[in-house]
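Here is a short report for a reader new to this structure. Look over the sequence and the model first, then read on.

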Amino acid sequence: AARTGRDAAALAVRRRTNFSRALGLSYSEPLHIVRGEGAYLYDEADRPWLDMVNNVCHVGHCHPRVVEAVSRQVALLNTNTRYLHESVVAYAHRLVELLPDPLRVCFFVNSGSEANDLALRLASAHTGARDVLVLDHAYHGHLSSQVALSPYKFDGPGGQGGPTTTHVCELPDPYRGRLRAGRDDDLGPRYAAPVASHLATLKSRGLRPAAFFAESLQSCGGQIVYPDGYLRAAFEHVRQAGGVCVADEIQVGLGRVGRHFWGFETQDAVPDIVTLGKPLGNGHPLAAVVTTPEIARSFETGMEYFNTFGGNPVSAEAGLAVLDVIQDERLQANARARGDQLLAGLRRLRERHPLIGDVRGEGLFIGIELSLPGRAPATAQAAAVKEAVKARGVLISTDGPDANVLKIKPPLVLTEADCDLFLDVLADAMIQVEAHIQ
Ligand code: PMP
């Protein structure tokens with residue numbers, strides 16, 4: 001172990017030589033992971049780590065069916081969408097079958113950021129407008145156009161504020177927000193009122209909105225489950241003002257929320273554009289934008305849309321294999337069952353640990369918010385719990401504007417025993433942290 005520890009340290013030094021310090025590493029002692037299988041990662045000493053973080057390797061790390069599909073196709077042909085190819089057409093068909101009407105037209109891209117950039121172009125083409133409404137603490141991507149829509153970045157460390165065309169709406173956070181579950185009524189529609197106010201301000205300036213961008217459940221902002229009826233009410237306001245509603249499903253889509261296949265279905269709302277990314281290719285870079293025929297037509301201006309890698313046959317095969325595995329291994333149902341198991345276990349843990357302020361989530365998208373009295377963020381404690389859990393072989397991350405929310409978003413192949421292990425490890429970590437940090 002000492003030798004492998006030295007190897008990881010030496011690698012960290014070499015990495016620093018040619019990498020920007022802007023690129024981060026997780027944990028006070030970074031891990032050197034060399035392989036993955038199912039819900040586990042293995043380091044250079046072949047120690048297993050239960051991965052409760054990776055929402056990209058959705059059907060499990062290196063799922064053999066995805067590996068086989070990609071390997072077969074990469075050995076046969078890889079081209080672009082200017083040739084006819086069966087796989088990408090079949091994949092578009094499979095995706096839209098999983099989405100409600102009128103979401104029928106697909107564009108394939110290579111990352112979530114690209115998907116949101118294209119969504120913005122589509123919305124602007126359709127409305128002729130430029131102003132965009134976003135939620136506070138939202139993250140939509142690393143491209144310039146997306147940093148400009150991400151208060152998480154432009155109002156966060158190193159940020160320089162947002163552009164005047166981005167309008168930040170209040171985050172509907174029923175735990176720490178202005179309106180709170182258990183105290184206030186009609187949270188959803190009331191939290192949507194600020195969206196209407198931003199739209200009214202725009203109107204008074206003679207402007208129309210291009211779009212309202214929101215994740216269907218907010219991930220980077222701290223695993224926020226919106227109150228019932230929020231998105232539906234917000235979408236209504238936006239549509240009345242002539243804007244387009246974009247649901248960012250990059251983290252939460254594809255069966256993760258368990259009860260439904262898409263996050264927006266938990267809100268009983270249908271967007272005009274949906275952006276998909278992370279889990280689509282199980283780690284292979286594949287992302288997509290799906291929209292209505294009407295919006296797609298507005299984009300047919302004569303300017304070609306060409307994306308060199310987007311929708312190539314290898315990506316399409318990865319995407320098809322992922323959908324097959326979700327279906328054949330009943331992973332949406334597993335997300336629901338394992339999510340229920342975790343939520344029940346975490347709620348029991350909360351009764352014993354006042355540091356656990358809130359437990360929330362849908363399926364395998366869960367947030368554990370650590371709070372001090374008065375719901376003040378327990379930031380140092382969250383960092384300590386993350387490290388204490390890691391010391392016991394389990395990987396989680398922290399997030400939210402105060403980095404006090406433990407994020408749970410594992411591959412959907414998590415087993416009942418994995419969940420028991422995680423709950424035991426977290427219970428031990430809580431005791432350790434409470435003993436050391438007051
Ligand atoms: N939207 C959301 C909600 C995300 O979480 C991310 C990635 N963390 C993105 C967009 C950007 O995706 P990518 O990193 O693939 O560009």
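## Basis of the model

This is a predicted model, in which local features need pLDDT of at least 70, side-chain atom pairs count only at pLDDT 80 or more, and totals for chains, interfaces and linings use all residues. Residues are numbered from 1 along each chain as its sequence is written, and side-chain values use heavy atoms, with hydrogens and water left out.

## Two domains

The protein splits into domain 1 (2-59 + 330-436) and domain 2 (64-328). These bounds come from an automatic or database domain assignment. The domain centres, taken over C-alpha atoms, are 26 Å apart.

## The interface between the domains

Contact here means heavy atoms within 4.5 Å. By that rule, 37 residues of domain 1 touch 36 residues of domain 2. The size of an interface is often given as the accessible area lost when the parts come together. Between domain 1 and domain 2, about 3,100 Å² is buried, and carbon and sulfur atoms give 53% of it. Buried area is the accessible area (1.4 Å probe) that two parts lose on being put together, summed over both. Glu-362, Phe-365 and Arg-375 supply 25% of the area that domain 1 buries against domain 2, more than any other three residues.

Charged and polar groups also meet across the interface of the two domains. The rule finds three salt bridges there; each is a side-chain nitrogen of Lys or Arg within 4 Å of a carboxyl oxygen of Asp or Glu. Arg-259 forms a salt bridge with Glu-362, with 2.8 Å between the closest N and O atoms. There are also 22 residue pairs in polar contact between domain 1 and domain 2, both residues at pLDDT 80 or more. A polar contact is a pair of N or O atoms within 3.5 Å; within protein, one must be able to donate a hydrogen and the other to accept it, and residues adjacent in sequence count only if both atoms are side-chain atoms.

On the side of domain 1 that touches domain 2, helix H11 (331-352), strand E11 (356-362), strand E12 (365-372) and strand E16 (405-408) each supply at least two residues. Helices (H or I, at least four residues) and strands (E, at least two) are DSSP runs, numbered from the N terminus. The residues on this side divide into 15 nonpolar, eleven polar and eleven charged. Here Ala, Val, Leu, Ile, Met, Phe, Trp, Tyr, Cys and Pro count as nonpolar, Asp, Glu, Lys and Arg as charged, and the others, Gly among them, as polar.

## A four-stranded sheet

An open sheet of four strands runs in the order E1-E2-E3-E14, with mixed pairing. Its edge strands are E1 (33-37) and E14, each pairing on one side only. Two strands pair if DSSP finds at least two bridges between them.

E1 and E2 run antiparallel, joined by four bridges. They form a hairpin with two residues between them, and Gly-38 in the turn has a positive phi of about 60°. Arg-35 stands opposite Tyr-42 in E2. E2 (40-43) and E3 (48-51) are antiparallel too, over three bridges. Tyr-42 has Pro-48 of E3 as its bridge partner. E3 and E14 (394-395) pair in the parallel sense over two bridges, with Val-394 as the partner of Leu-50.

## A turn tied to a strand

Four residues lie between E2 and E3 in their hairpin, and Asp-46 in the turn has a positive phi of about 65°. What does Asp-46 meet in a salt bridge? Its partner is Arg-35, at 3.1 Å from N to O. Asp-46 lies in the loop between E2 and E3 and Arg-35 in E1, so the pair ties together parts eleven residues apart in sequence. The whole structure holds 18 salt bridges.

Most residues other than glycine have a negative phi, and most peptide bonds are trans. Asn-282 has a positive phi of about 55° although it is not a glycine. Asn-282 sits in the loop between strand E9 (273-276) and strand E10 (287-291). A cis peptide bond joins Asp-101 and Pro-102, with omega about 0°. Pro-102 is in the loop between helix H3 (86-98) and strand E4 (105-109).
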